[in-house]
Amino acid sequence: MVSLSPGILLIADPFLKDQNFARTVVLLCEHQESRGSFGFVLNKVFDQSLNELVPEVLINNIRVYYGGPVQIDTIHFIHQQPELIRGGFEIRDGVYWGGEFDQVVSLINSGRLDLNKIKFFIGYSGWSSGQLENELNEKSWILSESNAPLIFEAKEQNIWPQALKNLGANFAIMANFPIDPLLN
């Protein structure tokens, strides 16, 4: 059984109406019962690229994702390149959160960073102590193990349905539920 811990996925229930989280998948990066939880929405593209947000980045069109509604004036990242990026925290096997951002910018500009193994976010998703547990009890989220190919999937529209399909046939049918069943 999957429990709340760093590295798990929170898959939004198909009928979750919260506009911040409808049809999203959140990678949980930290969970402490006494302090709360935080993570990043993996499948909502932000309307600006990294070089538009960070002028020091010389490469155009590096995608940025809307990590969540908290502190949307901050940039975060997850990656699979600890041999190049110092200071990251491993949140699951081979997936790291954070590190030295100036070093990341330098690696991008020099072409030494594999852009398929890093994902940038503006803002993050956060829950106070007990809040996420309450949302789980209300059936807002489905918990799942994560895997790096899904976390770093380049086609964000594939992430939510694939996360459900990875849970087996009982959940796979949910991936095709209409957003509003009354309009079906």
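1. Strand β9 (residues 141-144) gives the largest share of the lining of the second largest pocket, 3 residues. Strands here are DSSP runs of E with at least two residues, helices are runs of H or I with at least four, and both are numbered from the N terminus. That pocket has a volume of about 160 Å³. Its lining is Met1, Val2, Ser3, Leu4, His31, Glu33, Leu136, Trp141, Ile142 and Leu143.

2. Before going on, a word on the source: this is a predicted model, where local features need pLDDT of at least 70, side-chain atom pairs count only at pLDDT 80 or more, and totals for chains, interfaces and linings use all residues. Residues are numbered from 1 along each chain as its sequence is written, and side-chain values use heavy atoms, with hydrogens and water left out.

3. On confidence, pLDDT is the predictor's confidence in each residue, from 0 to 100. The protein has a mean of 93, with 96% of its residues at 70 or more.

4. Now the largest pocket, with about 240 Å³ of space in it. A pocket is an open set of points on a 1 Å grid over the protein atoms alone, where a 1.4 Å probe fits, with protein on both sides within 12 Å along at least five of seven lines; lining residues have an atom within 4 Å of a point. Points are joined across faces, edges and corners, and the volume is the space filled by probe spheres set on them. Strand β8 (residues 118-127) supplies the largest share of this lining, 3 residues. Among the lining residues are Asn61, Arg63, Tyr65, Phe120, Phe152 and Glu153.

5. By class, the largest pocket's lining has 7 nonpolar, 2 polar and 3 charged residues. For the second largest pocket, the lining has 7 nonpolar, 2 polar and 1 charged. Nonpolar covers Ala, Val, Leu, Ile, Met, Phe, Trp, Tyr, Cys and Pro; charged covers Asp, Glu, Lys and Arg; the others, Gly among them, are polar.

6. Which strand is largely enclosed by the rest of the structure? Strand β2 (residues 25-32) is, because 6 of its 8 residues are buried (under 20% relative accessible area, 1.4 Å probe, protein chains only).

7. As for its neighbours, β2 pairs with strand β1 (residues 9-12) in the antiparallel sense over 3 bridges; pairing takes at least two DSSP bridges. Leu10 has Val26 in β2 as its bridge partner. β2 and strand β3 (residues 36-41) also run antiparallel, joined by 6 bridges, and form a hairpin with 3 residues between them. There, Leu27 is bridged to Phe40 in β3.

How values were computed
Buried < 20%, exposed > 50% of the residue type's maximum accessible area, 1.4 Å probe, protein only.
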